[in-house]
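Please keep the sequence and the coordinates in view while reading.

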Amino acid sequence: MAAALRIQSDWSRALRRDEGEAWLSCRSPGKPTLYGSLTRRGLSAEGIPDIAASEGFVVGEVTKKSILVSCPHENASTKFLAPFATFSRIHQKSVTCLDISSGGGLGVSASTDGTMKIWQAANGEIRRLLEGHVYDVNCCRFFPSGLVVLSGGMDAQLKIWSAEDASCVVTFKGHKGGILDTAIVDRGRNVLSCSRDGTARLWDCGQSACLAVVADCGSPVNGIAVGAADNSVNLGAPEKTPSEREIGTEGKILLLAREDKKLQGVGLQSRQPVFLFGGSDAFNCCTFLSSTYFLAGTQDGNIYQLDVRNTNAPIQVIQRSGAPVLSLLPYRDGFVASQGDGTCFIIQQDLDYVIDLTEADCDPVYKVASWEKQIYTCCRDGIVRRYQLSDL
């Protein structure tokens with residue numbers, strides 16, 4: 001587990017003025033935390049701040065929106081990126097989930113203010129209000145078309161909405177507890193949901209019917225992900241011929257992030273168990289990196305990378321803080337992770353530094369979404385932030 005560099009959340013604001021100062025820390029597991037500071041000494045003709053670091057830290061490349069800082073003693077480097085835009089008027093309270101449409105034009109988000117809204121991804125302008133869930137909406141996502149939204153709520157209902165006129169076109173009922181996550185199979189003829197009731201269910205959108213209980217775990221399922229499995233993985237055989245309403249389930253594996261500290265893999269079409277991995281704490285989220293590798297995050301801050309062909313031991317365990325891992329998203333040749341202490345970072349194979357998406361301070365970053373070179377985050381402070389990776 002590598003050392004993690006942190007910078008105070010309002011660093012870009014603190015360094016806008018001469019002699020402005022921002023605070024740094026470098027935490028390495030099992031070692032005392034190193035503290036330091038950044039000070040602005042002036043401004044170049046191009047408007048780029050001249051930044052100096054205190055002893056033990058080194059400043060690399062600086063732009064108007066980013067700064068690269070290293071701690072040679074711990075062999076750690078992080079590029080801190082400020083938001084390109086912030087949207088504070090979409091919701092009045094914490095934003096718990098968001099997604100961006102496949103074309104990048106629209107966003108959808110849900111909040112503890114009891115609303116779910118569709119908005120312009122470029123400027124946060126509200127386009128539609130989606131009303132129909134009885135209690136809080138826990139999860140929302142666009143279908144691949146970008147014209148339809150899938151949501152799940154504490155009312156144990158799964159709903160499909162038109163992004164064009166905000167109508168609820170389908171409601172699925174069957175879960176006995178709040179729905180915590182969803183997944184879409186291929187183009188969306190079938191969808192998946194998981195719940196506090198411990199089950200994961202497969203649904204047929206055309207007939208608004210439950211096709212199967214894919215897994216019954218006996219423990220809340222906090223997150224799911226579906227992906228094509230490597231050909232060498234034995235997914236098992238169905239006990240009976242699948243319904244003709246099942247579209248695109250063959251060759252797929254379903255990951256289940258469970259509250260009982262278990263990460264489970266199930267053959268989506270066969271409903272047969274593929275693996276069961278024990279972690280250090282409750283699993284909150286999971287995602288596929290490829291048909292071979294996947295990630296899962298726990299309540300105590302661990303991110304496990306595993307190989308679906310052999311889950312006996314993780315390939316690596318990443319921990320940048322002990323805060324709950326709340327969201328994982330594949331990005332280019334790496335991934336984005338968000339945590340309960342405001343940490344949100346990107347790790348990519350071709351970079352020798354971590355990219356830290358700043359300004360959430362200590363508020364949990366609940367969800368991350370991306371479109372091309374843009375990353376969107378939603379947070380307990382009620383703000384949706386957009387980061388421009390081309391700013392790097």
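Asp341 counts as buried because its relative accessibility is 18%, where buried means under 20% relative accessible area, exposed over 50%, and partly exposed in between (1.4 Å probe, protein chains only). The structure is a predicted model, in which local features need pLDDT of at least 70 and side-chain atom pairs count only at pLDDT 80 or more, whereas totals for chains, interfaces and linings use all residues. Residues are numbered from 1 along each chain as its sequence is written, and side-chain values use heavy atoms, with hydrogens and water left out.

**Salt bridges**

The partner of Asp341 is Arg6, and their side chains meet in a salt bridge at 3.6 Å, N to O, the criterion being a side-chain nitrogen of Lys or Arg within 4 Å of a carboxyl oxygen of Asp or Glu. Strands (E, at least two residues) are DSSP runs, numbered from the N terminus.

Under the same criterion the count comes to 12 salt bridges. One of them joins Asp181 and Arg141, with 3.7 Å between the closest N and O atoms; this pair, too, links distant parts of the chain, Asp181 belonging to strand 17 (residues 179-185) and Arg141 to strand 13 (residues 137-142), 40 residues apart. Another is formed by Arg309 and Asp307, whose closest N and O atoms are 2.7 Å apart.

| Residue | Relative accessible area | Class |
|---|---|---|
| Asp181 | 11% | buried |
| Arg141 | 23% | partly exposed |
| Arg309 | 45% | partly exposed |
| Asp307 | 12% | buried |

**Cavity and pocket**

The structure holds 1 cavity of 30 Å³ or more, a cavity being a set of points on a 1 Å grid where a 1.4 Å probe fits but cannot get out, whereas a pocket is an open set with protein on both sides within 12 Å along at least five of seven lines, and lining residues have an atom within 4 Å of a point. The largest cavity has a volume of about 60 Å³, volume being the space filled by probe spheres set on the points. Arg6, already described as a salt-bridge partner of Asp341, is among the residues that line this cavity, which include Ile7, Phe80, Gly342, Asp356 and Leu357. Strand 1 and strand 32 (354-357) are the elements that give two or more residues to that lining.

The second largest pocket has a volume of about 560 Å³ and is lined by 30 residues, of which Gln316, Ile318, Phe335, Ile347 and Gln348 lie nearest its centre. Two or more lining residues come from each of strand 1, strand 7 (76-81), strand 28 (316-318), strand 30 and strand 31.

Elsewhere in the description comes an open sheet of 4 strands, with antiparallel pairing in the order 21-22-23-24, two strands being paired if DSSP finds at least two bridges between them. Strand 21 (221-228) and strand 24 (273-278) stand at the edges, each with a single partner strand, so one side of each lacks a neighbour in the sheet. Strand 22 (residues 252-258) and strand 23 (residues 262-267) run antiparallel and are joined by 5 bridges, and Val266 in strand 23 is the bridge partner of Leu254.
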